[in-house]
Amino acid sequence: MTKAARGSLLGIEHLEAAEILGLLKLARRMNPAKPRALLKGKRVVLLFYEPSTRTRSSFEVAAKSMGAMTVLIQSSGSSIEKGESLLDTGYTLRAVGADAIVLRHPSAGAPHLMAANIDIAVINAGDGMHEHPSQALLDAYTVLRHKRSFKGLQVAIVGDIYHSRVARSACHLLSKFGARVTLCGPPEFVPEVAATLVPGIRLTRHLEEAVRGADVIMLLRVQKERLAGRKIKLEDYIARYQMTAARLKLAKRDAIVMHPGPIIRGLELTGDVADCPQSVIVQEVANGVPVRMAILARAMGKAR
Ligand code: CP
């Protein structure tokens, strides 16, 4: 495990269950509609090497709702384009007075490298195919708004699990709280080794089997270009794994449908599933704000 500045959030795998519950409890006390000055005078840098809409905007709204100043640095238009290294960028941001860095990067471990070398809190906003801890926390927060507890909950995770940092963080979190996770997709997206990610995980190639009796259906983004040259073609993927209203009927009546976004209607799910009463996709986005308020408050020692 990387030695990191206090308050850093690098992943779910090494977080204690009590820390996760503490963050979720704190998030319940956060109200973005009632700005407070908890982080007045603090500077939060949003350092994004990859595109983002939800994570970036909700961290910014979260920081500003608590009185912090935010600075956005993206690869395009910054000295990253001139070849400045990750650590030199970190040293620069520290020198201008950053109190926390929210980092999204295409390489697994980039936030850990930053946190091991720079003595300010680093928050992983998604690193390569590794982890997306704030997404897992907001998903957990959303599930607990609809279900009493994770214990025994049947969760089907469907789609490109192999490339998904969202799936990896979700599996770590769900397994800590006794949920029963089934991964579903073609071998290109769900290799057999995925079943060893956390103890007790199940794997199936059949969507109907994964969804039958499920309490939570978590759909993952599928990038069409990742199917190029693969055995399974886009039209086969859609035929076998797209979430339709008919397939949703196999789940429990009160099952919820989740997706971290961005969704592609007509690929991972049909438009009527995206917009149905069981879909909590928009709620996930909204819940990102209080959860990220809690993460930032903890990062700056204000998690009381
Ligand atoms: N869920 C998620 O990470 O979305 P963005 O890429 O838009 O931040």
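The model is predicted. Its chain is split into domain 1, covering 17-131 + 288-299, and domain 2, covering 146-279. Taken over C-alpha atoms, the centres of domain 1 and domain 2 are 28 Å apart.

**Where the domains meet**

- Domain 1 gives 13 residues to the contact, and domain 2 gives 13 residues.
- About 1000 Å² is buried between domain 1 and domain 2, and 60% of that area is on carbon and sulfur atoms.
- Between domain 1 and domain 2 there is 1 salt bridge.
- There are also 4 residue pairs in polar contact across the interface of domain 1 and domain 2, with both residues at pLDDT 80 or more.

- Three elements are named here as giving two or more residues to the side of domain 1 that touches domain 2: α1 (17-28), β3 (100-105) and β4 (121-127).
- Of these, α1 provides the largest share, 3 residues.
- By residue class, the side of domain 1 that touches domain 2 has 4 nonpolar, 4 polar and 5 charged residues.

**Salt bridges**

- The whole structure contains 11 salt bridges.
- One of them pairs the side chains of Arg226 and Asp160, with an N to O distance of 3.9 Å.
- Arg226 and Asp160 link distant parts of the chain, as they are 66 residues apart.
- Arg226 is in the loop between β8 (216-219) and α8 (234-241), while Asp160 is in the loop between β5 and α6.
- Another salt bridge joins the side chains of Arg165 and Glu50, at 2.9 Å from N to O.

**Aromatic pairs**

- The structure has 3 aromatic pairs.
- Among them is the pair of Phe150 and Phe177, whose ring centres are 5.5 Å apart.
- The planes of Phe150 and Phe177 stand at 35° to each other, and the pair is classed as tilted.

**A cis peptide bond**

- Gly261 and Pro262 are joined by a cis peptide bond, with omega at about -5°.
- Pro262 lies in the loop between β9 (256-258) and α10 (271-274).

Note on methods:
Residues numbered from 1 in each chain as written. Predicted model: local features only at pLDDT ≥ 70, side-chain atom pairs only at ≥ 80, totals over all residues. Heavy atoms only, no water. Domains from an automatic or database assignment. Contact = heavy atoms within 4.5 Å. Buried area = accessible area lost by both parts, 1.4 Å probe. Salt bridge = Lys/Arg side-chain N within 4 Å of Asp/Glu carboxyl O. Polar contact = N/O pair within 3.5 Å; in protein donor to acceptor, adjacent residues only side chain to side chain. Helix = DSSP H or I, 4+ residues; strand = E, 2+ residues; numbered from the N terminus. Nonpolar A, V, L, I, M, F, W, Y, C, P; charged D, E, K, R; others polar. Phe/Tyr/Trp six-rings, centres within 6.5 Å; stacked < 30°, edge-to-face > 60°.
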